[in-house]
Amino acid sequence: MLIWIVAASGFAGLGYEMVWTRLLSTALGSEMMAVLGAVAGLFAGLSLGAFLLDEPIRRVRSPQIAYAVLETVIGIWGVVSIWLLPAASRIMAPLLGAQPTPTLHWTVSFALPAVILLPATTAMGGTLAALERMTAAAGDNGRVSAGVYGANTAGAVAGTLITAFVLFHAFGLSGTLLCLAGVNFTCAAGALMLRSAAARVPDPRETNAAALPGAVDGLRPRSGGEPRLTLTLFFAGLLGISFEVLVVRLAAQTMQDTIYTFAGLLAAYLLGTALGGVLWQKAGRKVRNSTLSCLVSITALACLATAAVAQFISSIAAAALDLGVAGELVVALSLFLLPSAAMGALFGYLAQCVRDQRGSIGRAVGINSLGAALAPLLAAQILIPTFGAWTALLAVALGYLLLLPLSRAALVWAAAPAIAGLTLAVRPPPSFIRVPNGGELLAKREGPMVTASVVSDASGARYLEVNGHFRMGGTTSMRSDYRQAMLPLLLHPQPHRALFLGVGTGATLIGAAQMPRTIVRGVELSPEVVALLPWFSSASDSAASDAVSLPPVTIADARRYVAADTSQYDVIVADLFHPALDGSGALYTTEHFLAVRNRLARAGLFCQWLPLYQLDLPSLRAIIRGFLDVYPDGSAWLNHFSVRTPMLALIGRREGGHLDLHELAERLSDPAVGAVVRPIGFEGPMDVLGQYVGGSRTLAAFAGQAPRNTDDFPFVALDAQRNVRALAAPPSALLLTVVRELRPDSAELLQNPDRAFIDSRQDTMATRLAAYWQARDRFLEAGAALTGEPRGLALVHAAAPALLEAIRISPEFDPAYNPLMGMARALLASNRAAAEYLLHEIDNAAPSRKEARGLLSEQFGE
């Protein structure tokens, strides 16, 4: 029964860490920052609890009652945090402001979790001391410290995985907290049941004569031995958690970086720690003079082994990709299992030394946790900026050698890791950035949260990449980026102030800044990305060119900025956020959509771009349903008709309403506006309206009863594995589903469709739109069915039939008509007969247009 209590306690403790990290991310603005803050806060509380509660627990007559009280406190605070953490998130944004200094932001990121979680984490810090006495009551008076620690940590492994993979899905975050609190209350009840069967538990100080035999590497209880043991425990915690943070940071550059990635990494680390603790208990009973030197040397070598393996982790991750979550666990174990097992054995040894000296492991937990609490700050603010994540791994591994006692034997043990470390250090650090064939790495910025880089391909095109494998745009997508800015700006009658959440390469911002009479501002989370924007702000070859100036960009997370900012905007545009990426799902929640609505001016418009090539259908339905909750008159629009990178815009207006076609026509007829938008394909109202795919009624039917994506039930984040698999599907797959299921209705789009523009044939705009949309959908179907890269006559045979069908449906569908004319002109130089035949087909398909007939007359006298 005691074993189950120990395991359940660990289960709940790490389950809380998983939930608290999710909840803190909305307050702190970054998943990585939330991870660092939660880890630091957890260990700070553990340290405080161990120091404050160790002595009282050693004095109580019944450790079972003490343990039950502690578990009850943890459970109560788990329930309280259901309301407390979201409230803190709401309070934090205005307190920090829209643009806090980095020092203030990082200080709050570490202080907030430490303070707000303190009652629970302090109670956790006292549980190991109580469990140790309870274990003694169960009849084991031997070397139990590592066994208690190992059993507790083994339960934590289960808590990490089951919380992420089961409880989140079944109950959401609040429900998961209630479940974990129930586990705490069950542990408390179990402890009280044990009390009735337990014999009197002696104060450990009464039996403290069983100190370690002989000299134990300078740590035996003698004058001067205790300070050295204290320092060893402190630095073991500091180095161990620094190592964990660095590996998690490296893994973000090679693994999928989803909510499950962190869970797998944490579980692997804990599993190794538990394994090491158990091995120490089973095999480490015979302590010799060389024990500490041996364990420290093994730990250093194991950490260096991970640094060596990390050089090939991209290949390992690619090989394991098809295994999904199991593959990520394999990668996590390859990085963490050996070093964390060595760390677990080392802590077990050090804890036993403290117990033999002081009669309890509370002091050991306190000192070790204090070092661990400082480790995230050390890694994020010193090691990574100074050395880079991989080189910092070497520094941490070799740092373990400082724990060796000052003796000749210790120098012998230090030789192997020192040689291995120096061998790795003289080699160039590995690059986790994927450079295209024939290209090169042009620039790189590595920070505590992301690594941003600029790479080029063989043609000289530049691309912005984050963490080595998330491409955020490039010089080849500038036209598409400009259209992302212009479409929402055109749909607003008079946009004076526009805010862009996420800037990518900055092209969308630059495009928006060209709109006359519009003031533009951008918000970007990563300073590393902002530092690289000059590489894309000019079309010239010089990255330092100031030919095109960027609008102001604020470095902040989008959610906190929107909540803290007091300005009002006519248009707010949210960029494409990779839905599987840990943290991005929070930018698609109903709460965030509502916060954005509060920042819109009267008649303001919000545009949320969705990457259809990175989404799966359930996530899309969930996002749309949540969007309609906030913007009941929402609509959906395409950016372009590309089947390779299809994008969908959800458009919502603060005050609802329909599009006024007359206002749109007036905007497009403005010479200053036309000069900006015509080069990117928006020449007339039909070019804009042709992007429309559905209104609120159509979208509501499409979303159906999909789960809403909320802060408490982050469906998009939990759907990460399916979104990862969507990357392997044809990029047009979800686009085709959208255009097949959504049936646009002009009555939902226009205020007065019957009074809209009438052409010379007296067809209403509604009729023209219906034909245009039908032609568009046929064009997209044909594009998706086209395989390979056909050229010349092969392209004509492959693509022309579907394009001709599209212009038969709608002669004004330029995306099909213009390519057909381009094919005909290209054939004039190589196959005039084929060119003539194609021109006749174009003229027959769209006789109302004169271009094909004119070229026939010009080239063939017809």
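Reader: In which strand is the place of Ala603?
Author: Ala603 sits in strand β9, residues 600-611. Strands (E, at least two residues) and helices (H or I, at least four) are DSSP runs, numbered from the N terminus. This is a predicted model, where local features need pLDDT of at least 70, side-chain atom pairs count only at pLDDT 80 or more, and totals for chains, interfaces and linings use all residues. Residues are numbered from 1 along each chain as its sequence is written, and side-chain values use heavy atoms, with hydrogens and water left out.

Reader: What makes Ala603 count as partly exposed?
Author: Its relative accessibility is 37%. Buried means under 20% relative accessible area, exposed means over 50%, and partly exposed is in between (1.4 Å probe, protein chains only). Ala603 has 37%, so it counts as partly exposed.

Reader: Why is Arg517 called exposed?
Author: Arg517 has a relative accessible area of 56%, over the exposed cut-off, so it is exposed. It lies in the loop between α16 (507-513) and β6 (519-524).

Reader: What is the phi of Arg517, and what is that of Ala603?
Author: Arg517 has a positive phi of about 60°. Ala603 has a positive phi of about 65°. Neither is a glycine. Most residues other than glycine have a negative phi.

Reader: What makes Thr21 buried?
Author: Thr21 has a relative accessible area of 1%, under the buried cut-off, so it is buried. Its place is in helix α1, residues 2-28.

Reader: Which residues does Thr21 touch, not counting those up to four places away in sequence?
Author: Thr21 touches Ala34, Val35 and Ala38. Contact means heavy atoms within 4.5 Å. Thr21 and Val35 are 14 residues apart in sequence, and their C-alpha atoms are 5.7 Å apart.

Reader: How do you know that helix α13 is mostly covered?
Author: Count the buried residues. In α13 (residues 389-399), 8 of 11 residues are buried. Trp390 and Leu394 are among them.

Reader: Which residues touch the most other members of the largest nonpolar core?
Author: They are Tyr400, Leu501, Leu620, Trp637 and Ile842, in a core of 275 residues. A nonpolar core is a set of buried Ala, Val, Leu, Ile, Met, Phe, Trp, Tyr and Cys residues joined through side-chain atoms within 4.5 Å. Beyond four places in sequence, the contacts of Tyr400 include Leu239, Val296, Cys303 and Met343.

Reader: What makes up the nonpolar patch on the surface?
Author: Ile65, Val69, Val73 and Leu192 form the patch, with about 300 Å² of accessible area together. Such areas come from the Shrake-Rupley method with a 1.4 Å probe, and for residues only the protein chains shown count as cover. Patch residues have over 30% relative accessible area and no salt bridge; like charges are joined within 9 Å, nonpolar side chains (Val, Leu, Ile, Met, Phe, Trp, Tyr) within 5 Å. A salt bridge is a side-chain nitrogen of Lys or Arg within 4 Å of a carboxyl oxygen of Asp or Glu. Val69 is in helix α3.
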